[in-house]
Amino acid sequence: MKKKKGNLTELMQFAGKHKYLTYSSWALSVISAALALVPFVYIFFIVKEVIEIAPNYSEATHIVFNGWMAVAFAIASIVVYFAALMCSHLSAFRIAGNIRKKTMKHISELPLGFIGEAGSGKVRRIVNESSRATETYLAHQLPDMAGAVATPVGLIVMLFLFDWRFGLVSLVPVVLGFLCMFKMAGPAMAEDMKKYNSALEEMNNQAVEYVRGVPVVKTFGQTVHSFKKFQGSIDNYYKFCVSYCKKCRGPMLWFTTLINSVFAFLIALALILAGGEAITQGILLNFIFYVIFTPIITTSLTKVMYMSENGMIVADAIERIHSILDLKPLPEEVNGEIPEDNSVEFDNVSFRYSNAQTDALKNLTFKVDAGQTVALVGPSGGGKTTVAGLVSRFWDVRNGTIKIGGVNVKDIPHEELMKTVSYVFQDSKLIKASVLENVRLANPRASEIEVLNALHKAQCDDIIGKLPDGINTVIGTKGVYLSGGEQQRIAIARVMLKNSPIIVLDEATAFADPENETLVQRAFAELSKDKTVIMIAHRLTTVKNADKIFILKDGTIEDAGTHEQLVKSGSLYSKMWKDYQTSIGWKVGGVK
């Protein structure tokens, strides 16, 4: 069994030369902790001198010196601690940045289907929140941990330096407090921390999906209960947090009480040592010293308690980061083959999503000839989007083969496959950049004239005409926003600039209004010229002119043919067409 690496070992892999700054921050934090103890000794000397010369205070000769020494050591401790934090922050920022870069680079190498299966909310939280947790851990908690470990060592020495009896009694509540803390922050808490982060992760995931569906919710006047998964994730998070707080309530109460009750133990010992008589000056001095000094115990123990919790948080964060980094990209042939033409063929393909109970596709076989336009239609959940994703190799098939131009997609180099296939999603996204930069994502070397030509073919002239700076207008700034249909046309321009021989259209007009849909359809017509096109659509009018229509149901092809053939066949498509014709005849108040 492979031995699990510690948190620090894991994080130092991302540090490079900056790891020496982390080590320096520990050394400086230890020095700062030691310096912070010295002022208490000088304060004790001041109290001791005052008691010894009372009431002849004019004979005091060392109070000013001891006072300034206490101040000097306190300032020195602060300065050294500040230097420790400077070192730790420089290292922490670099490490967190490297984690984000490596994670995002690795995500870019994973199949696109990974985001869909994991959920964008979960992935975003891992990249942002988990790396942020490591940053906090390295910048603050590790230096504090070094100081917190050094402080008890100095404390133990000083506790027994003056009167071992008071020192021993001071440790009694410390030991009891540690026992309570272990009960609260022991191994069980690590498991609770995982459950907490999982509940938060699931809620974030469902929140993203809910926000995406808000337009539908508002349109139909629904409430949050329309998204039962989101509501359920909130309820689960609430229940876990409440139960966890109740579990920690008792141990936390006793821990807080014990570590703040050192003075009570000191008073009891002082009374016992006095034996019912007047307290001697020696006992009084020692008692005062320990009353002044022991509050550090409370501070140190509180730091240790939170550090144990923070250690579990960062361990969980590292584990979640590795849940991405440990995923393997799809295998790729270094010296792969180049497709002979633009045909697409599924040969006895079966596919199942991870954690799914049944296959999404079952022994699927069909072929799309080069230059042919085919449509995939059928009930939701039939496997249409899965087929489209497999063409672009978002995932690898479990059984069977998918070929492009007679070559297995697994044997086509990744860059060549990306050049060969373009995918237009139903909800295409644009980045916060100029229209020019958004379109150039498909071909960074394209000239401005080539970009304008692609925008013209994609029916975007009206969009560019209304933008204040034309194609140099930055989308999302100064009130410049585009509708879903307009964004889709810009995305189509991007695909046109890429000029791939195979186009996959996945419900590409799903969110377009009637006016935009007409323009999008024109753009598709231009985009599809001399291309192999696989389109998925629920609006059957968009697939009427396809060379061939495949009806997918439960992961298999139920029927195939042209629009006219399928309408006459009395198949599922015939019923779908009849229902569609009825639906477009609806009007408010009844049917025409």
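Two strands count as paired when DSSP finds at least two bridges between them. Keep in mind that this is a predicted model.

**Stop one: strand β3**

Select residues 373-377, which make up strand β3. Is this strand buried or exposed? Five of its five residues are buried, so β3 is largely enclosed by the rest of the structure. The cut-off behind that word is a relative accessible area under 20%.

Now show the side chains. Thr 373, Ala 375 and Val 377 point one way from β3, while Val 374 and Leu 376 point the other way.

Which residue of β8 is the bridge partner of Leu 376? Click on Ile 536 and you have found that partner.

Next, bring in residues 548-553, strand β9. β9 also pairs with β3 in the parallel sense, over four bridges. For a landmark in this pairing, pick Val 377: Ile 551 of β9 stands opposite.

**Stop three: the salt bridges**

How many salt bridges does a search of the whole structure find? The search turns up six.

Start with Lys 466 and Glu 486, whose side chains meet in a salt bridge at 2.6 Å, N to O. This pair links distant parts of the chain: Lys 466 sits in helix α16 (residues 461-466) and Glu 486 in helix α17 (residues 484-498), 20 residues apart. Glu 486 counts as buried because its relative accessibility is 9%.

Then move to Arg 393 and Asp 396, where the N to O distance of the salt bridge is 2.8 Å. Arg 393 has 9% relative accessibility, so this residue is buried.

For a contrast in setting, select Glu 526 and Lys 529, which form a salt bridge at 3.3 Å, N to O. Glu 526 is partly exposed at 27% relative accessibility, and Lys 529 is partly exposed at 48%.

**Last stop: a network**

Finish by selecting Arg 352, Asp 359 and Arg 398 together. These residues are linked in a network of salt bridges.

Conventions: Residues are numbered from 1 along each chain as its sequence is written. This is a predicted model: local features need pLDDT of at least 70, side-chain atom pairs count only at pLDDT 80 or more; totals for chains, interfaces and linings use all residues. Side-chain values use heavy atoms; hydrogens and water are left out. A salt bridge is a side-chain nitrogen of Lys or Arg within 4 Å of a carboxyl oxygen of Asp or Glu. Buried means under 20% relative accessible area, exposed over 50%, partly exposed in between (1.4 Å probe, protein chains only). Helices (H or I, at least four residues) and strands (E, at least two) are DSSP runs, numbered from the N terminus.
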